[in-house]
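The entries below follow the order in which I looked things up.

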Amino acid sequence: MDLLEYQGKQFFSRHGLPVSPGLVARGVPEAREIADRIGYPVVVKAQVHIGGRGKAGGIRLAGDAEEVATAADAILGMDIGGHTVGCVLIEEAAQIAVEYYASFTLDRSARRYLGMLSARGGVDIEAVAASDPSSIAKIWVDPVEGFEEADARTWVLAARLDETATDELVEVLLELYEAFVEGDADLVEINPLVLTPEGRVRVLDAKVTLDDNSVFRHPEYRAYDATQPRDEREASAHALGLQYVGLDGTVGVIANGAGLAMSTVDVVAQAGGAAANFLDIGGGADVETMAAALRVINNDPAVKAIFINIFGGIVQGEVVAQGILDALDRVELRAPIVLRLDGTNADQGRAMVAPRLSEMLMMAGSMSGGAARAVAIAGSR
Amino acid sequence: MSIWLDEHSRVVYQGLTGRAGRFHALRNRAYGTRVVAGTNPSKAGASVEGIPVFATVGAAVEATGADVSCVFVPAPYVRSAVVEAAEGGVTLVVVITEGVPAKDEAWLCAKLRRDHPEVRVIGPNCPGLISPGKANVGITAGDIALSGGPVGLVSRSGTLTYQALYELKQAGIGVTTCVGIGGDPVPGTSFTDCLAAFEEDPETAAVMMIGEIGGSAEEEAAAFVAEHMTKPAVAYIAGITAPPGKKMGHAGAIVSGGKGTAAAKIETLSAAGVRVGESPSEAGRHMVEVVAGL
């Protein structure tokens, strides 16, 4: 899950990183109140799950209460790349001498953690990596050996950062690593990490992605679930515990297993159509899951045909069939279903569905045949 | 021959007394796998349908000569279960459990690299591996795979593995070993590890790879094919139409920062001489042609 900047800063702050004082506001009076408490000047920053806030006018400096009100009023409700701004971070404005970049992530192919540090912060790091790769100092950390003070010191030197700030930078990098590991983050990124004219180090922006699989160690992460960017369809599927991603087409897709679901979306495209969604009911889906999946797809007004593509492994054919039959009894279908069923107990499943076959429920003999049929139906409605 | 698993493999199930562990251990035994033991720290001395339960993998290895472990314990306990298996003396650990944190996977890789380099981990979040006609360890339905080779199969996805086995079986093509490496960001065994083993295996004459978006494992496999493989390879990559920035079910299946796209993987594999099918069926048809030409 991706954190908003203010959540990322709270996360960093818990791990000891130097974050400027600030609080989040959802309305103009609240923004003024917070700014009055912090003292001027402050920065008013849009909280959205997308980059490019500055260019879109989502970050403004305010020298007094009037300016805070004007800025908050302009930014709240603003659309930035399709994301509506619901809250703003009001933060003490830091004096900036230089801007650095620091991050830790997982290098999947090296099976180690990758740290990146650069004197060229404040700009898009992908662009820096493309135009001036030598300005990024990379280190690979062995997860068992860990990251020690000596490693951090060598790293700061390699990145050619201001030597007078080395001690404080080393401390910040050690804290950043701790946040990454102890916090079970997939990514921790500070861009920019700034030096003030007095030589103090400050975290000016925070990009944090947490590992969904680590919630059992961090039950408090459940609170972040509410601010994940999801459209209405994704939110209702998520509430039912389904792995769902909304897409733009007209063929609703239900499959078991992430790979098969992805492949089904692709095969629908190859048949000349477009899927309305990715939906994986999982390896061990039961009757309820299948019925819930059908309800979610059926509620999507864009869906003109439904393609259910099941290859039974753990999921057995008769369970899939029962789920569909249950859903047919409970839900009024707005779009016809094309069902492809193979694998464990597929014959039993097909036999159960056979008496109910109609123009609203059809069987397909293969994955590509089913996709073609669903695309044809969607095109004709 | 087959890779890593055959009729002599003796398998211990960590989590045998749980619902999933019991169901699949018995299914694997019915397939012909030599299921010799289970573990549960608080149920030593018990038995599950005649399978003896030990407190630890070490005790199971000592008593039964187990050399493979299959892990069904819940995600929070996978890290310690794999260490226990490695210290207990097995050389292959197959982790079926899903939902394991990436930090635990990365730590396990590093731990085994340093302290137990002889131990191979497959998974987590994988269907396991099957050497058809010899042994099946994990959750693959054994009857969808035809035995006898000549194809070695490796896949990041569970159900797509079944789909691929099914396509091959319908075409009358057998499999030496099918390895599901799992869809997580840090799998214990990579495509490249499997390709290297298949290249060495005298009975495997061709290789089929099922990949998906995210990471660069397919690109690394392509480089390996180009430099080291003499056997023909066919591939299928899922997620051509996946939108960037969205996790497509698997924790590892995400296109981020323009990297890990299906298009890039397909291009790299094709350039390395791998025949890439646009759908699982087309990949199956490619393999029919490859096998006919062997």
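I call a residue buried if 20 or more other C-beta atoms lie within 10 Å of its own, exposed if 12 or fewer do, and partly exposed in between, with C-beta atoms placed from the backbone. Helices (H or I, at least four residues) and strands (E, at least two) are DSSP runs, numbered from the N terminus. The model is predicted, so local features need pLDDT of at least 70 and side-chain atom pairs count only at pLDDT 80 or more, while totals for chains, interfaces and linings use all residues. Residues are numbered from 1 along each chain as its sequence is written, with chains lettered from A and ligands numbered from 1 in the order in which they are written.

Entry: strand E12 of chain B.
I looked up the cover of strand E12 (residues 206-212) of chain B and found seven of its seven residues buried. On one side these are Ala206(B), Met208(B), Ile210(B) and Glu212(B), and on the other Val207(B), Met209(B) and Gly211(B), so both faces of E12(B) are covered. For its partners I used the rule that two strands pair if DSSP finds at least two bridges between them. Strand E10 (residues 150-155) of chain B runs parallel to E12(B) and is joined to it by five bridges. Gly152(B) has Val207(B) as its bridge partner in E12(B). Strand E13 (residues 233-238) of chain B is also parallel to E12(B), with six bridges. There Ala233(B) is the bridge partner of Val207(B). Between E12(B) and E13(B) the chain passes through helix H7 (residues 217-228) of chain B, and this β-α-β crossover is right-handed. Right-handed means that, with the strands pointing away from the viewer, the path from the first strand over the helix to the second runs clockwise.

Entry: the sheet around it.
In which order do the strands of the open sheet of chain B lie? I read E9-E8-E11-E10-E12-E13-E14, seven strands with mixed pairing. Strand E9 (135-138) and strand E14 (275-277) of chain B are the edge strands, each pairing on one side only. Neighbouring strands of the sheet are turned by 15 degrees against each other on average, direction ignored. Axes here are lines fitted to C-alpha atoms, for helices over the stretch in contact, and angles run from 0 to 180 degrees between N-to-C directions. E10(B) is joined by five bridges to strand E11 (residues 174-180) of chain B, and the two run parallel. In E11(B), Val175(B) stands opposite Val151(B).

Entry: two helices of chain B.
The axes of H7(B) and helix H8 (residues 262-271) of chain B come within 8 Å and cross at roughly 5 degrees. The two helices are therefore roughly parallel to each other, since angles under 35 degrees count as such, over 145 as roughly antiparallel, 65 to 115 as roughly perpendicular and the rest as oblique. Contact means that two C-beta atoms, placed from the backbone, lie within 7 Å. Glu218(B), Glu219(B) and Ala222(B) in H7(B) meet Lys265(B), Thr268(B) and Leu269(B) in H8(B).

Entry: helix H1 of chain A.
Is helix H1 (residues 5-14) of chain A enclosed or open? Seven of its ten residues are buried, so H1(A) is largely enclosed by the rest of the structure. Among the buried ones are Tyr6(A), Phe11(A) and Phe12(A). Their cover includes strand E2 (42-46), strand E6 (88-92) and helix H6 (166-182) of chain A. After H1(A) comes Gly16(A), with a positive phi near 90 degrees.

Entry: strand E2 of chain A.
Five of the five residues of E2(A) are buried. E2(A) pairs with E6(A) in the antiparallel sense over five bridges, and Glu91(A) is the bridge partner of Val43(A). Four bridges join E2(A) to strand E3 (residues 59-62) of chain A, also antiparallel. Lys45(A) stands opposite Ile59(A) there.

Entry: where the chains meet.
The contact takes 42 residues from chain A and 50 residues from chain B. On the side of chain A, H8(A) gives the largest share, eleven residues. I also checked Arg108(A), in the loop between strand E7 (98-107) and strand E8 (112-118) of chain A. Arg108(A) is buried, with 22 other C-beta atoms within 10 Å. Leaving aside neighbours within four places in sequence, Arg108(A) is in contact with Pro185(B), Val186(B), Gly215(B) and Ser216(B).
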